[in-house]
Amino acid sequence: MTQDSHIKPNERRLFIKSYGCQMNVYDSGRMADVLGPHGFESVGGAEEADMIILNTCHIREKASEKVYSELGRLRALKDQRARAGKDTIIAVAGCVAQAEGEEIMARAPIVDMVFGPQTYHRLPEMVARVDQGETRVLDTDFPVEDKFDNLSAVGSPKNVAAFLTIQEGCDKFCTFCVVPYTRGAEFSRPLPRVLDEAQRLVAGGARELTLLGQNVNAYHGDNGKGGITGLGDLCRQLSEIEGLERIRYTTSHPRDMDDSLIEAHRDLPKLMPYLHLPIQSGSNTVLQAMNRQHDTKTYVELVERIRAARPDIALSSDFIVGFPGETDQDFEDTLALVREVTYAQAYSFKYSPRPGTPGADMETQVDEAVKSERLARLQSLLNEQQIAFNAACKGTRMSVLYEKPGRFEGQLIGRSPYLQSVHVEAPEHFIGTLEEVEIVDVKPNSLTGHRSGAAKEPAKATVHGA
Ligand code: 5AD
Ligand code: SF4
């Protein structure tokens, strides 16, 4: 009997709840793609779903506790549906699943299926096993086969701004981070596959691509001709795709920001002048304890080189406060670094010990109250910088890629080159096009733009970047 004979076509509804990063949002989309041909239609809520997948994130906070409390809620739902004669498959996916698969199975009997980020291409097979009566399907391998190989034929983009995973995993082993354990060793997708997927996304309407990877600028894809291609060169090749207007990538490690990538920022108008380049701390002692493999001097010099190549580039970063051993002076050094570099936007977090990482076993853990106080001070400084960056945009002209309708009739929401949301009064058929607008108002988290030639038709696909 074939696997497909167990599948009831177009009969089941699928709800995926995504936690955490863009990588997970991308993965959730691919899970829906994989299950689509097997009769699963995506719906917007758990109540109506025959299969519910929690695509979890383990990077910070009490991720697993959140998952267990969500599973508690889902138990009631599953029972209620069972009384009405309906089956519900409950699956836990993503990094919590990878890290705690067995434990989830033991603690949450309602869970039918647990699978990690490397095995979701096997979902149809897992569903078939549940359909056949297996109740506890666990697949948290790091398979040798490339999951992306199994996904290459699927994916129908509906978004003007699409994500494309080019790299996964990480070999850096920062001492606070679970990624090397949950996502595994660094892996780059081969160049021809990345280019194919990019072409397909653009043919489907994407005008902006964000290349994703936990350590995206470590990208070193097999070019299919016996050589290796880095991220700078990949951006050059993507830049040739007609109809693709904007390229972004995230998240980068300072150590992997090579000359070729910096030159790509200098040369390619489609490569947006916005770079997320996490430093994590402004103290060299802390950076060393974090095993970041860079110090503040090399970071600041790197920023100078990037700014020399692309003067209008805006920077973003991640920061962790209260890493074990962080002193008041270390924290002051972080504030000083932020003042020196100046960020357009940034994320900051209190250190949270992740079991199994070296940081969790360090004896010099920082008091929660101290972490909270430092976080508040850092966020207030970063906020000030973000407000100043946005304020400086007022009165300037910026290209906006219209992505979707706004909250009000006749309004569209687009993005500036610097990833700011821009609200503009424009007709709906402008979605998917770029237009230069004047920024007339600024708020902390969004801008308002005015079209000058309001009667004009949208700019054609030849308008570039900023
Ligand atoms: N505690 C706090 N923040 C963390 N991050 C990663 N691991 C931890 C942790 N254990 C933050 C880092 C990283 C971002 C994605 O999440 O700043 O760059
Ligand atoms: Fe984690 Fe990024 Fe460090 Fe890799 S480089 S271990 S993903 S923080």
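His253 is found in the loop between strand S13 (246-250) and helix H8 (259-267); helices (H or I, at least four residues) and strands (E, at least two) are DSSP runs, numbered from the N terminus. This is a predicted model, in which local features need pLDDT of at least 70 and side-chain atom pairs count only at pLDDT 80 or more, while totals for chains, interfaces and linings use all residues. Residues are numbered from 1 along each chain as its sequence is written, chains are lettered from A and ligands numbered from 1 in the order in which they are written, and side-chain values use heavy atoms, with hydrogens and water left out.

- His253 is buried, with a relative accessible area of 4% (buried means under 20% relative accessible area, exposed over 50%, partly exposed in between, with a 1.4 Å probe and protein chains only).
- Not counting residues up to four places away in sequence, His253 touches Lys172, Asn215, Asn217, Leu277, Arg292 and His294 (contact means heavy atoms within 4.5 Å).
- The backbone oxygen of Arg292 is reached by the side chain of His253 at 3.3 Å.
- His253 and Arg292 are both among the residues around ligand 2, together with Cys170, Lys172, Phe173, Cys174, Phe176, Cys177, Val179 and Pro180 (a residue is near a molecule or strand if one of its heavy atoms lies within 4 Å of it).
- Sorted by class, this shell has seven nonpolar, one polar and two charged residues (Ala, Val, Leu, Ile, Met, Phe, Trp, Tyr, Cys and Pro count as nonpolar, Asp, Glu, Lys and Arg as charged, and the others, Gly among them, as polar).

**Ligand 1**

- Around ligand 1 you will find Ile59, Arg60, Phe176, Gln280, Asp318, Ile320, Phe349, Lys350, Tyr351, Ser352 and Arg354.
- A nitrogen atom of ligand 1 lies 3.0 Å from a backbone N or O atom of Phe176, and a nitrogen atom of ligand 1 is 2.8 Å from a polar backbone atom of Ser352.
- On the side-chain side, an N or O atom of Asp318 is 2.6 Å from an oxygen atom of ligand 1.

**Aromatic pairs**

- Searching the whole structure gives six aromatic pairs (rings of Phe, Tyr and Trp, the last by its six-membered ring, pair if their centres lie within 6.5 Å; planes under 30 degrees apart count as stacked, over 60 as edge-to-face and the rest as tilted).
- One of them joins Phe173 and Tyr181 edge-to-face, at 5.6 Å centre to centre with 75° between the planes.
- Phe173 is partly exposed, with a relative accessible area of 37%, and Tyr181 is partly exposed at 37%.
- Phe176 and Phe323 form an edge-to-face pair, 6.5 Å centre to centre and 80° between the planes.
- That pair links distant parts of the chain, 147 residues apart: Phe176 sits in the loop between strand S8 (167-168) and helix H5 (179-182), and Phe323 in the loop between strand S15 (314-321) and helix H11 (328-341).

**Thr88**

- Thr88 is found in the loop between helix H2 (63-83) and strand S4 (89-93).
- Thr88 counts as buried because its relative accessibility is 6%.
- Leaving aside neighbours within four places in sequence, Thr88 is in contact with Ala49, Asp50, Ile52, Lys78, Arg81 and Asp112.

Note on methods: A polar contact is a pair of N or O atoms within 3.5 Å; within protein, one must be able to donate a hydrogen and the other to accept it, and residues adjacent in sequence count only if both atoms are side-chain atoms.
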